[in-house]
Amino acid sequence: MPSAGGFAFGPFTLDLVQKRLRRDDVDVPLPTRHFDVLVELLTHPHEIVTRKALMDTVWSDVHVEDHNLTQAVSNLRRAFRGSDAADHIRTEPHRGYTFTGTWRTIPLRADEAALVASLAPFRALMEGIAYGMQEILDT
């Protein structure tokens, strides 16, 4: 979990702890994977995030087709319509996507930071288990 509690850009707030996007304090429903695509783009601002990297990160646990990513980006752009964030996701033809807007991080609240810190050992354990399962599946 990043040390930031979220990101703010234009009229939007992306809450990483509660996994929700809000526009002017109103929830914007997003499927989990679409939320994760936005997080990946925001954590690599002004960099090309390749389609492969997004697919490997966001859909690491399932096999999906390329159009799933295209649909996620389309859905994000639809959510941004009518705001200054509408053009913040730029397509890099045959490569990937770039988040071009300006944003600021929102720090974790003290209670959120304590919760994240307390869960760190469990996250490491789960990542180890996932790695071991992948090794078994790869053999």
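A crossing of two helices counts as right-handed if the near helix is turned clockwise from the far one by less than a right angle. The legends below describe close-up views of a predicted model.

**View 1. Helices α1 and α2 cross with right-handed geometry.** Two packed helices are described by the angle between their axes and the distance between the axes. Helix α1 spans residues 32-42, and helix α2 spans residues 51-58. Their packing angle is about 130 degrees, and their axes lie 10 Å apart.

**View 2. The contact between α1 and α2, residue by residue.** From α1 come Arg-33, Asp-36, Val-37, Glu-40 and Leu-41. From α2 come Leu-54, Thr-57 and Val-58. By class, the contact has 4 nonpolar, 3 charged and 1 polar residues.

**View 3. The largest nonpolar core has 30 residues.** Phe-9, Leu-14, Leu-21, Val-37 and Phe-80 have the most contacts inside this core. Strands β1 (4-9), β2 (12-15) and β7 (96-99) each give two or more residues to the core. So do helices α1, α2 and α3 (66-80). In soluble globular proteins, nonpolar side chains tend to be buried together. Val-37 also takes part in the contact of α1 with α2.

**View 4. The surroundings of Leu-14.** Neighbours within four places in sequence are left aside here. Leu-14 and Leu-21 are both among the core residues with the most contacts.

**View 5. Asn-75 is a buried residue of helix α3.** Its relative accessible area is 16%. The cut-off for buried is under 20%, so Asn-75 counts as buried. Not counting residues up to four places away in sequence, Asn-75 touches Leu-30, Pro-31 and His-34.

**View 6. Lys-19 and Asp-25 have positive phi.** Most residues other than glycine have a negative phi. Lys-19 has a phi of about 50 degrees. Lys-19 sits in the loop between β2 and β3 (20-23). Its relative accessible area is 41%, so Lys-19 is partly exposed. Asp-25 has a phi of about 65 degrees. Asp-25 sits in the loop between β3 and β4 (26-28). With a relative accessible area of 63%, Asp-25 is exposed.

How values were computed: Residues numbered from 1 in each chain as written. Predicted model: local features only at pLDDT ≥ 70, side-chain atom pairs only at ≥ 80, totals over all residues. Heavy atoms only, no water. Axes fitted to C-alpha atoms, helices over the stretch in contact; angles between N-to-C directions. Helix = DSSP H or I, 4+ residues; strand = E, 2+ residues; numbered from the N terminus. Contact = heavy atoms within 4.5 Å. Nonpolar A, V, L, I, M, F, W, Y, C, P; charged D, E, K, R; others polar. Core = buried A, V, L, I, M, F, W, Y, C linked by side-chain atoms within 4.5 Å. Buried < 20%, exposed > 50% of the residue type's maximum accessible area, 1.4 Å probe, protein only.
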